[in-house]
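Hi everyone, thanks for coming. Let me put the sequence and the structure up on the screen, and then we can walk through them together.

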Amino acid sequence: MLIEAASAFLTGVLFGRWWVPYQKRRGITSRDIYKGIDGVPRAGGLIAMVGAAVGYVLASASVAAALPLLVVAVAVGLLGLLDDLRGVDEYARVLFPVFLAFVLARAAEVRLTIPMVGLFYGATGWLAVLAIPVMTNAFNMLDPVNGFLPVANVVVAAALAAVAALRGQIDAVRLLLVHIAASLALYLYNRYPAKTFNGNVGSYFLGASLSTLAVLYDLVPYLILAGLPFVVNGALIIFSSGGIKGREKIARPTYLRNGVVYQDCSSPIVSLVRIVVADKPMEEYHIFKALSATVLISSALTTALAVLLKLLSLPI
Amino acid sequence: MKKALLLLLSSYAVLTALFAAAAVLLPIMKRRIFAGLAVGDVTLIIAILLYGLFIYTTALLLIRVSCKDRR
């Protein structure tokens, strides 16, 4: 079980040693606004994609779900990479994951079990597969500070692994461990102060990987609960900006002064980061800690909920 | 941070309450309206919209207080 995860981690770390300087040499960089530094590599998320791909390929010898997971997650990740390198139309960014989700719904048996309720009566899975475009875009909308996205992926995936273990879904646990290992490899390069940003390739790949896993193993409601900070942030941005937009097109509802982030009370946009700094202006690292705490809390509550449902013999 | 936690915990509580309500109302949710469409399908879409609106409204209230304090 641990071989795939260890391979994913080691591959990611070794690939990163080449990929980070390569991006610098080729000018695949952008500005770190918090630190005022130019030339920070911007597509580091490829580290997680390459690492996880190796892990999923190794797992595919004995786990059937590993192959569709690999195809969907890598396809969405490549779209993110293309977006980082050349830019992609925002409708393509939204519609491509929707298309893949419906292909998956046709190709695999997808079910939707709701905690406390049980199997969703329609059982067609069409609602469950929408988690792929929704969570992929939600991950893309909440990648504001160094280190947060990979840490959040480790925490949410660990909560899903705990729920899967309670249900006896050992294959799901194996694949989730690969996801965790790949996220940890990325964290080594993205932690504060970051050697590379995750880029759209990072948020798209990690979002697609985790949501496809949740769809294939009927864990979607738990993904929504554990990843609630992403859902909350997505809902806030969609309602306040009037639709789904790429993060580059949404004006920040915060401003930076001397390395400290303040909320911009004149902005109509609402985001989770704005809520976090509404009490007290914060530096980048403190925002990282606050956002990580929200994900830790939602994931811990979700694990506790699954344990409680199991104890009460209610549908998990 | 307190405001973010308040928003997160209230959103979590409302979502789990929706699950609990769906469990209680399951016999009604299963009733077919026409063809494959059930009461639960329509309820689910309305619930998602209302849930998003709840998150947004709560956040607006939290922000309004903090911006008023600053003036």
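Which residue takes a positive phi just after helix 1 of chain A? That is Gly27(A), with a phi of about 75°. Before I go on, this is a predicted model, where local features need pLDDT of at least 70 and side-chain atom pairs count only at 80 or more, while totals for chains, interfaces and linings use all residues. Residues are numbered from 1 along each chain as its sequence is written, with chains lettered from A and ligands numbered from 1 in the order written.

Back to helix 1, residues 2-26 of chain A. Helices are DSSP runs of H or I with at least four residues, strands are E runs of at least two, and both are numbered from the N terminus. Helix 1 has a kink of about 35°, centred on Gly16(A); the bend is the angle between axes fitted to the seven residues ending there and the seven starting there. Gly16(A) is also buried, as are Trp19(A) and Gln23(A), among others. Buried means 20 or more other C-beta atoms within 10 Å of its own, with C-beta atoms placed from the backbone.

Now the contact between the chains: 29 residues come from chain A and 29 from chain B. Two residues are in contact if their C-beta atoms, placed from the backbone, lie within 7 Å. On the chain A side, helix 11 (228-241), helix 12 (272-279) and helix 13 (284-311) each give two or more residues. Helix 11 gives the most, with seven.

Lastly, helix 13 of chain A is followed by Ser313(A), whose phi is positive, near 60°.

Terms used
Expected span 1.5 Å × (residues − 1). Buried ≥ 20, exposed ≤ 12 C-beta atoms within 10 Å, placed from the backbone.
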